[in-house]
Amino acid sequence: MPAETTAPARPEKPSPAPPARRRTSTRTLAVLGALLLLLAAVLLSLAIGSRSLPVSVVVDALRHDDGSTAASVIWDVRVPRTLAGIAAGAALGVAGALIQALTRNPLADPGLLGVNAGAATGVVLSITVLGLTSLWASVWFALAGAVMAGLLVYGLASGGRGGATPERLALGGAVIAAVFTGISQTLMLLDAQALDQLRFWSVGSLARADSATLTTITPFVAVGLVVALGLVRPLNAMALGDDAARSLGAHLHRTRFLGLLAVTLLCGAATSAVGPLVFVGLAVPHMARMIAGADQRWTLPLSLLLAPALLLFADVLGRVAVRPDELDAGVVTAVVGAPVFIALVRHRRVVAA
């Protein structure tokens, strides 16, 4: 009987990684890439201006303030301006992602809930009625106006059966925004001096940011970010619909109230410091969802990193575009960023909030 022959064993192909693991790895790489992008934006913001400095000089000045002209420029002007850009950008990016998730509207932005209009009205009142023109007063009155707008929106939306639904939040925000905008426009038309002073602030700029501004807004931004990041799980549940969210244990009214509170703190602080930059909060959450999908556990951190990077890049471009003058960051984000965002939306599927 012939001896039995056995075929040589074929090497087993390694099994592909599970889709969930691959997705997590991709998202992790995206977060790391966004962090590197932010670090590059920070370095450019510190090095480039009306007088550009070599990177080595910037690094030496950050490590040791030797009292030189370069060190004074970096520490007294560019560091506060850059940190204000990081704080305001992070606040607007996360606030935009929150608003889009709360209203289930991918076209919502921080101005939808009337918070920006409330902040602007607070600044107008401080100048026209009380005659307070300092930046410190503007910051506090802008925050007060933002909080007032947020409370009014939630009060309008929560009345009646069903509570503060996404539709009621959007409608209440539109009404409050129209009312506050009308008040501020009327006051500015009646006071030419106030109109001239507010013209610079209303465009959106980092040029006036200083250490006092940063000290004032940082606590509000920090609290707003903590509240927002603590809502990722109920927001993911609410994306499935109110009934499904209740069955998963999400507290809808509490989540919407805390979400609106976070948006108010974030938008109020950012608007008071740098003015109403509306494009950042609209576009960045879209970019984050295109990269990582609609999971808020990844959308919010990505928005937190991408938004300040975008704002700082816009600020740097504004410094060099029309030297020796400057373009405000709000102008640059609108002129350069809007066409890019439109192209992304036209060529990529818009991911629902």
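The structure is a predicted model, in which local features need pLDDT of at least 70 and side-chain atom pairs count only at pLDDT 80 or more, while totals for chains, interfaces and linings use all residues. Residues are numbered from 1 along each chain as its sequence is written, and side-chain values use heavy atoms, with hydrogens and water left out.

In total, 2 cavities of 30 Å³ or more are present. The lining of the second largest cavity, meaning residues with an atom within 4 Å of a point, consists of Leu143, Ala146, Val147, Phe220, Thr264, Leu265 and Gly268. Two or more lining residues come from each of α5 (135-158) and α11 (252-274), helices being DSSP runs of H or I with at least four residues, numbered from the N terminus. By class, this lining has 5 nonpolar, 2 polar and no charged residues; Ala, Val, Leu, Ile, Met, Phe, Trp, Tyr, Cys and Pro count as nonpolar, Asp, Glu, Lys and Arg as charged, and the others, Gly among them, as polar.

Helix α11 also packs against α3, as listed below with two further pairs. Axes are lines fitted to C-alpha atoms over the stretch in contact, and angles run from 0 to 180 degrees between N-to-C directions.

| Helix pair | Axis angle | Axis distance |
|---|---|---|
| α3 and α11 | about 145° | 9 Å |
| α3 (69-103) and α13 | about 140° | 7 Å |
| α12 (278-292) and α13 (296-321) | roughly 130° | within 8 Å |

The crossing of α3 and α11 is left-handed, which applies if the near helix is turned anticlockwise from the far one by less than a right angle, whereas clockwise is right-handed. In this contact (heavy atoms within 4.5 Å), residues of α3 including Ala88, Leu92 and Leu102 meet residues of α11 including Thr255, Arg256 and Val274. The contact has 15 nonpolar, 2 polar and 1 charged residues.

Helix α3 passes α13 in a right-handed crossing, and the residues of that contact divide into 13 nonpolar, 7 polar and 4 charged. The crossing of α12 with α13 is right-handed. Its contact residues include Val280, Pro285 and Arg289 of α12 and Trp298, Leu302 and Leu310 of α13, with 11 nonpolar, 2 polar and 1 charged residues by class.

Note on methods: On a 1 Å grid over the protein atoms alone, a cavity is a set of points where a 1.4 Å probe fits but cannot get out, and a pocket is an open set with protein on both sides within 12 Å along at least five of seven lines; lining residues have an atom within 4 Å of a point. Grid points are joined across faces, edges and corners, and a volume is the space filled by probe spheres set on the points.
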